[in-house]
Amino acid sequence: MDGNTSGVNGNNVDWDIEDELDEIENFTLSSSSANLGSGEGSSSPGPSNTKVFGHFVSMGFSKKMVAKAIQEHGEEDADSILESLLLYSALENSTPEQDSPPEQSSPPEQCFPPQQQQIDSDPFSSDYEGSFLDGFSDLDSSDNEEISIPTSEEEKKLVALVKMGYTELEASIAIERCGVDSSLVDLTDFISAAQFSKAEDAHFPLEEKPRRLHIDDKKKRKLCEYAMSKRKKKVGLGNGIIEEDDEALHLPNPMIGFGTPTHLCKINRSIPEAARGPPYFYYENVALTPKGVWNTISRFLYDIQPEFVDSKYFSAAARKRGYVHNLPIENRFPLIPLPPQTIFDAFPMTRRWWPSWDERRQLNCLQTCIASAKLTERIRLALKDYDEDEIPPERVRRYVLYECRKWNLVWVGKNKVAPLEPDEVETLLGFPRNHTRGISRTDRYKSLGNSFQIDTVAYHLSVLKDRFPNGINLLSLFSGIGGAEIALHRLGIRMKNVVSVEISAVSRTVVRTWWEQTNQKGNLYHLADVQELNADRLEHYMNTFGGFDLVVGGSPCNNLAGSNRHHRDGLEGKESSLFYDYFRILDLVKGLMARNS
C-alpha cells in the first residue's frame, strides 16, 4: 500500500505495517479472563443438558467449571470456552512456585530500569520474564509430562508447543504462518514476538500479559486432538464441500512469488479472458492479513492468484507483500545497479561496531515509527559493564536482540544502537536520497513506512518497457510518495500522463517536487480522494489523452496489519474497505476503454 488513506483525514491516520507480527496476538487470552470472581460454583442449569456441555465434560473438566465457562461465553464460542476451561484448571492446580518466575531469571536492576512510560515498556520486567525466558531457556530439555504419540509432523510441533505452555491457537497459527518445516526455535520466536507486540506496541496502552498455563497431560492431549479435528472439519459451501482451511491462503516459503532475479522459476500462469490487459493493473497490500482477505481480493480482481514476495530477496530489509496483477511474468529484469543486499552493504560503517553475537544481516520490515531515545539508552545501560569483545549473558543478549529486531536498530558505537535515519530508510526502499526531505521527520517515517519497495515493484513492472516504447498513461491510486512513478522512471519508461490520487497533501507535495526535479515531460494530474473519482471524471481524462495503460495502487492496510489488534476488521474496516474503490475504479476503466474501442 503506497499511499495514505483516501476518504479519511490523512493526518489522523497512523498506519502500522509491522506485518511480521501476525494475527496470533489476537488469540492471546485476555487478562480479564483470569478473574474467576466469587461465584465460580454457581451457574444456570441450562447448559448442563447441551451437547456442548457434554463435550467439554467428556474432556475431563468439572461440570461446575464447564457451566461457568458456557455461561460466560455462550454455547456458540467453543474456542473461548475451551480457553477459559484451561485457564480455570491451570489456576486451580497451580502453586505459588509455578506462578512466580524463576529467581535466577530475574534481570539485573541496572540493565532493565523500571517502566517509566507505556511507549517504552520493558518486556524483561518481572511481569513478562516468566513467559518469555521460560519459553526459550530450556528448549532442548524434557520434563515429566508424557503426550500421546502424534501421527504427523504438524501434530508433533503442535504438541511440543502446547507442552511448552503456549495455547493451541498460538501454536496452530505459528505453524501455519512459519510452515511445518520450521524449527521449534523459529516457532517460539514467532509466538513470543507476537506476544511482546501486545506489551510493547508504541501506539496502544500496555496490557497485562496472562500467565503461562500449566496443563496436565490428558487435557493437553485432548487439546491437540480438538485443535486438529477442528482444522480438518469440513463445511458445506453451495453445491460443494470445502475444507475450512481453504479460507486461508498459505503463504509460500520462500516467499519469492513467480521468481526473483536470484531465484528464477518456471510458472504456468493463466489469466482469465476478462482480466487480460491492456489496461494492465497492479494491486499491492500486506501479505499477513486476517483469514479470507486475500481470497476476497483475488475474487474481486478477476480470480487472479496473488504473487507473494518478501523484499528481502531484493534489498537489505524484509517486506512481505502480496501483489495481484495481470502483467506478463516472462522476461522480467531488475533495476541496475542492484541494491544493497545486506546491512553491511547498505551501511558499511556499522560493521566496526557490530557485535559477533548479533547475527542479523538483514533488517525486518521498515515501520512507520522508530524507537525512542529512552529505549536505546536502556540498551546502552544493559551493555555498559561488558567490554567490546566480551559476550554478555544470554538473557541480556535476548533482550537487546529482541529490541534491535523489533525496531530495526543498528550499531553506531560501542554498545550503542540507533534507529535508521529517514535517508537510510529511503536507501533501503529504493527511493532517491532526500526524496522526502523538507517534511517533518514524523511524516517522513510515516510516508516511507507505507510505501512500495521500489526494486521489487520495478522488477514486476519491467515487462512493460518493451510493450510501451513510446511511453505510458498511468492511473496511480493511493499514490503515497510516488513509488510506482519512481519505479517506472528508473526503468526508463516515459510517463506521458499520470493521474495521481492521494489524500495526503504532504505526499502530493513530495510527488510534485520529484516530478519537477527529474524534469518529467509528461502531464501530472493530482486528485485527493479516490471516492470522488467517478465515471464522468475518468471519461474526461480518457477523452483528453486516450485511456490508461496501467492502473496501480495499494489500498490502506490499517485494518489488515497484524499489529493493529484493536481495529483489525479486514476489508470491512473503515480504511481498508477502500480496496473496493480500487476495484470499482479499475472496473470502470476497463468498461470505458472496452466501450470506446
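T436 is buried, with a relative accessible area of 0%; buried here means under 20% relative accessible area, against over 50% for exposed and partly exposed in between, using a 1.4 Å probe and protein chains only. This is a predicted model, where local features need pLDDT of at least 70 and side-chain atom pairs count only at pLDDT 80 or more, while totals for chains, interfaces and linings use all residues. Residues are numbered from 1 along each chain as its sequence is written, and side-chain values use heavy atoms, with hydrogens and water left out.

Back to T436: its place is the loop between α14 (422–429) and α15 (441–449). Helices (H or I, at least four residues) and strands (E, at least two) are DSSP runs, numbered from the N terminus. Once neighbours within four places in sequence are set aside, T436 is in contact with E426, R444, S447, L448 and I481, contact being heavy atoms within 4.5 Å. With R444 there is also a side-chain to side-chain polar contact of 2.8 Å. A polar contact is a pair of N or O atoms within 3.5 Å; within protein, one must be able to donate a hydrogen and the other to accept it, and residues adjacent in sequence count only if both atoms are side-chain atoms.

Another threonine worth a look is T456, which sits in helix α16 (residues 454–461) and counts as buried at 0% relative accessibility. Its contacts, again leaving out neighbours within four places in sequence, are V309, S311, F314 and Y323. V309 is 147 residues away along the chain, yet the C-alpha atoms of T456 and V309 are separated by 8.2 Å. The side chains of T456 and S311 make a polar contact at 2.7 Å.

Most residues other than glycine have a negative phi, and most peptide bonds are trans.

| Residue or bond | Backbone value | Loop |
|---|---|---|
| G277 to P278 | cis, omega near 0 degrees | P278: between β2 (240–243) and β3 (280–286) |
| I336 to P337 | cis, omega near 0 degrees | P337: between β5 (320–325) and α11 (343–346) |

So are the two asparagines buried or exposed? N408 is buried at 4% relative accessibility, and N415 is buried too, with a relative accessible area of 15%.
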